[in-house]
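Please read this note with the model open beside you.

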Amino acid sequence: MTEPHALTSPPPAPHPGDTAVLTVTCPDRGGIVAAVSQFLYNHGANIIHSDQHSSGLVGGTFFLRMEFSLAGLDLALDPLRRAFQTVVADPFGMEWHLSDGARPERMAVMVSRYDHCFLDLLWRVRRGELRVEVPLVISNHEDLRGDAETFGVPFHVVPVTRENKAEAEAEQIRLLREAGANFVVLARYMQILSGDFLRGVGVPVINIHHSFLPAFVGANPYRAAFERGVKLIGATSHYVTEELDAGPIIAQDVIPVTHRETPESLVRLGRDVERQVLARAVKAHAEQRVLVHGNKTVVF
């Protein structure tokens, strides 16, 4: 049997030249778009998509995402980055990132025993709906090993107990670094990650919470929703911070329910929403469409 290496999405449909994505966050002032556009034009880039947002007219923050073709570029990306820092970023006080569209993000997945979000992500990658590579899956249980191997993804089990949590997280960090993961997705990973883990892993971590946050935080929101008699249930995908279920929100959705539902039927209905919301958040992150500002996000 061939040793699994990574799950990779099929190549995208033919496109006129490779592309790159530039994201910018900076204090709002006149001339930002003109400066960025002129810089790219001067170096032979053709802008394909451009989105922008300002948080206020005076003293606000400006957000920008530009996707451009590399076909006529007169510089490789590294010297282009250095030039952009000097010519544009420094004068405008920008936080910015320039990503190469030819290099898919490497998405590690952490999962426990629930398979619905996990399998949905792997299926979407295989179908090309999520343009990422999946270099590994980490679990605290053996249950989903066969599913991961079906998709050709390396599966690592790191048992976690109250007594060994620090050692387990250190091993998880080692595996994630070794695999070169750019970000981590918790596909119903039923462990609370410590601040030491988040600092140690050093990449964004995306979670799916089976509730329309900030309502019904914690481990059993469907039971809490049932007891409250809600008429909507939902799911929230957010970046993970040290504060439980309180990180910047990327995507949310809800569906209507009635008084006839039971806690069990709410769970079944909710899982469909969880799958869709998590996939939407992962896609936005992988396409560099999410800019984090404080505890909020701008999602282009």
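Over the ring of which residue does the charged end of Arg188 sit?

1. Start with that arginine. The charged end of Arg188 sits over the ring of Tyr114. The distance to the ring centre is 4.6 Å. Keep in mind that this is a predicted model.

2. Stay with Arg188 for its setting. Arg188 is found in the loop between β10 and α6, the latter spanning residues 195-201. Its relative accessible area is 6%, under the 20% cut-off, so Arg188 is buried. Its backbone also deserves a look. Phi of Arg188 is near 65°, which is a positive value in a residue other than glycine.

3. Gln288 also deserves a check. Gln288 is not a glycine, yet its phi is positive, at about 60°. Gln288 belongs to the loop between α8 and β14, where β14 covers residues 290-293. With 14% relative accessibility, Gln288 counts as buried.

4. Now the aromatic rings. A pair of such rings is described by the distance of the centres and the angle of the planes. The count here comes to 2 aromatic pairs. In one of them, the ring centres of Phe39 and Phe84 are 5.3 Å apart and the planes stand at 75°; an angle over 60 degrees counts as edge-to-face, so this pair is edge-to-face. Phe39 is in helix α1 (residues 32-42) and Phe84 in helix α2 (residues 77-92), so the pair ties together parts that are 45 residues apart in sequence.

5. Phe84 has 2% and counts as buried.

6. Phe84 has another partner. Phe84 and Trp96 form an edge-to-face pair, with 4.9 Å centre to centre and 65° between the planes. Phe84 lies in helix α2 and Trp96 in strand β5 (residues 95-100), so this pair links parts that are 12 residues apart in sequence. Trp96 has 22% relative accessibility and counts as partly exposed. Phe39, Phe84 and Trp96 form one aromatic cluster.

7. The largest nonpolar core has 35 residues. Met107, Phe118, Val132, Val134, Leu278 and Val282 touch the most other members. Several elements each supply at least two residues of this core, including β6 (105-111), α3 (116-127), β7 (132-134) and β13 (249-256). Which element gives the largest share? That is α8, with 7 residues.

8. Pick Val134 and trace its contacts. Leave aside its neighbours within four places in sequence. Val134 is then in contact with Ala6, Leu7, Met107, Val109, Leu122, Val125 and Val153. Another core lies apart from the largest one, with 24 residues. Leu64, Leu70, Met94 and Leu98 are among them.

9. Strand β11 gives the largest share of the lining, 3 residues.

10. Finish with Thr150. This residue is in helix α4 (residues 145-150). Its relative accessible area is 58%, so Thr150 is exposed. Thr150 and Glu105 are 45 residues apart in sequence. In space they are 22 Å apart, C-alpha to C-alpha.

Technical notes
Residues numbered from 1 in each chain as written. Predicted model: local features only at pLDDT ≥ 70, side-chain atom pairs only at ≥ 80, totals over all residues. Heavy atoms only, no water. Phe/Tyr/Trp six-rings, centres within 6.5 Å; stacked < 30°, edge-to-face > 60°. Helix = DSSP H or I, 4+ residues; strand = E, 2+ residues; numbered from the N terminus. Buried < 20%, exposed > 50% of the residue type's maximum accessible area, 1.4 Å probe, protein only. Lys NZ or Arg CZ within 6 Å of the ring centre and 35° of its normal. Core = buried A, V, L, I, M, F, W, Y, C linked by side-chain atoms within 4.5 Å. Contact = heavy atoms within 4.5 Å.
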